[in-house]
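Good morning, everyone, and thank you for making time for this. Please look at the sequence and the model for a moment, and then we will go through them together.

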Amino acid sequence: MTRGPTWFNVTSLVVGFSFLYLPIVLLVIYSFNKSRLVTVWGGFSVEWYVSLLHNEQLLDAAWVTLRVAFVSASVATVLGTAAALVLVRSGRFIGRSLFSGMIFAPLVMPEVILGLSLLLLFVAMDQSRGFWTVILAHTTFAMCYVAVVVQSRLVGFDKSIEEAAEDLGCPPVKTFFLITLPIILPGVVAGWMLAFTLSLDDLVIASFTTGPGATTLPMKIYSQVRLGVTPEINAVCTILVVLVTMGVIAASLATRRQQVQKERDERTAFGAEG
């Protein structure tokens, strides 16, 4: 006999979700505050969103952040997928433990240590810091997250499908792009979305590895918040929340649609065999 939720479970869920999401809800509400004082409600208004369109510093920082996030997430997805394939498909090889440790080290390493290490590396290489050094830094720590997500997808992969394609004369590279990649695509897309979100959110590592002309939006927001929160900050944060939410919903719908299509194809195949 299954028991329903107890009052303790319900209370814990309400308190937990309120602690997580209530500040975000308040931020969104006060982004429409007419008053310049963010703690005093002065009526509904969208003037701070209009004002944001004329704030060139915030717009430039947002453009830099989006470019860094897109490029670093794309490169991290390619490298992380390749790393996951090596870990799952290559079996035991010399240096596997070292390779695995290097892949997953950024997961447990504090961001301050990672950012300082990359800073010292760029200084030792006499590399001027800027847009591309931030991309390299974000790719470094985002790649391991992609590898974890794709590896979990590959663990339950049915290799007999690949073997059947190769038995029919399909080359290994073509098999990967026509058979393997479409099947693990939800994991790859999820890894890309995670890497993109982590890059958008990063402050510490970017602070160590950036240079003139490569100020990201989190750095710009942090520098302005220290002088006092303005309604424009609430507006730009609300836009980021909406963008990330839309991306997560789109990825979830795409994953669900592919899963439904897969189940439909399996039923069709079994019906044809019957």
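Before anything else we need one definition: a residue is called buried when its relative accessible area is under 20%, exposed when it is over 50%, and partly exposed in between, with a 1.4 Å probe and protein chains only as cover. Please keep in mind that this is a predicted model, so that local features need pLDDT of at least 70 and side-chain atom pairs count only at pLDDT 80 or more, while totals for chains, interfaces and linings use all residues. Residues are numbered from 1 along each chain as its sequence is written, and side-chain values use heavy atoms, with hydrogens and water left out.

Of its 274 residues, 33% count as buried, and the C-alpha atoms fill a box of roughly 70 × 60 × 35 Å along the principal axes.

In the model, residues 62–254 are 82% helix and 0% strand, with the end C-alpha atoms 26 Å apart. The unreviewed entry also lists several stretches as "transmembrane region", including 99–125 and 176–198. Residues 99–125 are 89% helix, with end C-alpha atoms 24 Å apart, whereas residues 176–198 are 100% helix, with end C-alpha atoms 28 Å apart.

Now to single residues. Where does Asp126 sit? Asp126 lies in the loop between α5 (111–124) and α6, its phi is near 55°, a positive value in a residue other than glycine, and Asp126 counts as exposed because its relative accessibility is 71%.

Leu194, in helix α8 (residues 172–201), is partly exposed, since its relative accessibility is 32%. Leu194 and Ala73 are 121 residues apart in sequence, yet 8.2 Å apart in space, C-alpha to C-alpha.

Finally, Asp158 belongs to the loop between α6 (131–155) and α7 (159–167), and Asp158 is partly exposed because its relative accessible area is 43%.

Note on methods
Helix = DSSP H or I, 4+ residues; strand = E, 2+ residues; numbered from the N terminus. UniProt positions renumbered as here; feature names shortened; annotations may be inferred.
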